[in-house]
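Please consult the sequence and the model shown here before reading on.

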Amino acid sequence: MELMRENAILVSKTLAVVGKAVAPGVTTNQLNRLAETYIRDNGAIPSFLGYDGFPAALCMSVNDTVVHGFPSDYVLKEGDILSVDCGTLYKGYNGDSAYTFAVGEVSAEVARLLAVTKESLYRGIAAAVAGARTGDIGHAVQSYCEAAGFSVVRELEGHGVGKEMHENPGIPNFGCRGKGAKLTAGMTICIEPMINMGSRSVYLANDGWAVKTVDHKPSAHFELTVAVRKGAPEVLSTFDFIEGRREL
C-alpha cells in the first residue's frame, strides 16, 4: 500500500507540473514532454508509453475527446478544456490519475461541467467502502451528474489498480445500488467519471484510441486512486498539488 501511495503522489505531482504549464499557445506535445521528464527524473516509468502501442506518456484529450487522445502539435486556445490522464510504474506498482484543466477562461456552462464532474468523483469515492458494491459508486456518480443535466459515458469505466495498470473490478460510472462486484478492504481502485455536456454517445476515432462525443460537445474526466477501507475510503492520489493546497 505504501508503494501504491508513492505512485499516487507522483502522478498527482506530475499533473500539477503539467497544470502549471497549461495555457493558450502551448501544444499538448510540449506538455507531454514535460510530464515524461518529470516522471523519469523521479525514478519512475511513464506506464502509458507503449501500453498496447500507445505512443505517449500522457493521454491528452481536448474538448470533445473524452479520453485516450494523443499529444500532438495542437496549440491550446482560450476556452479549451484539456483532460490529462497520467500513469506511472514505480517499484513494481502503478499510479493513475486524471484532471481536466480549463485553458484560460471557459464558458459558464463548461465551468459547470467541470465542477459537476469533479464533485461526482468525490461522491463516488464516498461510496467506495468495504462491503459496498461497484453499483453503489456508479449510482452516486450517475444520479448526481444526470440531475445536473449532463450525461454519463457508458462504454468506459474505472478499474482496479496495483501491479497491473488495469485490474478487476471494473468501476462503471452508472449503476444500481447493491449491484455489481463487492468491494473488500485493502482493494485499490481508480474511480474516473467521464461526463458529457450533451449526448452520452461516443465513437472511436480513426487512430484507434481517442474516444470522442458524437455531438462534438465537451466532455470532462477526473480520476483518483482510492484504497477501500472499512467505514471510509482512503484517497491515495490528490488534486491538492494542482489546486494549490499543497506545495510541490
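Strand 1 (residues 45-46) pairs with strand 4 in the antiparallel sense over two bridges. Strands are DSSP E runs of at least two residues, numbered from the N terminus, and two strands pair if DSSP finds at least two bridges between them. The model is predicted: local features need pLDDT of at least 70, side-chain atom pairs count only at pLDDT 80 or more, and totals for chains, interfaces and linings use all residues. Residues are numbered from 1 along each chain as its sequence is written, and side-chain values use heavy atoms, without hydrogens and water.

**Strand 4 and its partners**
- P46 has T88 of strand 4 as its bridge partner.
- Five bridges link strand 2 (residues 58-62) to strand 4 in antiparallel fashion, with V62 partnered by L82.
- Strand 5 (residues 93-102) pairs antiparallel with strand 4 over 10 bridges; A102 is the partner of I81.
- Two residues separate strand 4 and strand 5 in a hairpin, and K91 in the turn has a positive phi of about 55°.
- In strand 4 (residues 81-90), nine of the 10 residues are buried, that is, under 20% relative accessible area with a 1.4 Å probe, protein chains only.

- An open sheet has the strand order 6-10-13 with antiparallel pairing.
- Strand 6 (151-152) and strand 13 (219-221) are its edge strands, each pairing on one side only.
- Two bridges join strand 6 to strand 10 (residues 194-196), and S151 has N196 as its bridge partner.

Key: Helix = DSSP H or I, 4+ residues; strand = E, 2+ residues; numbered from the N terminus. Buried < 20%, exposed > 50% of the residue type's maximum accessible area, 1.4 Å probe, protein only.
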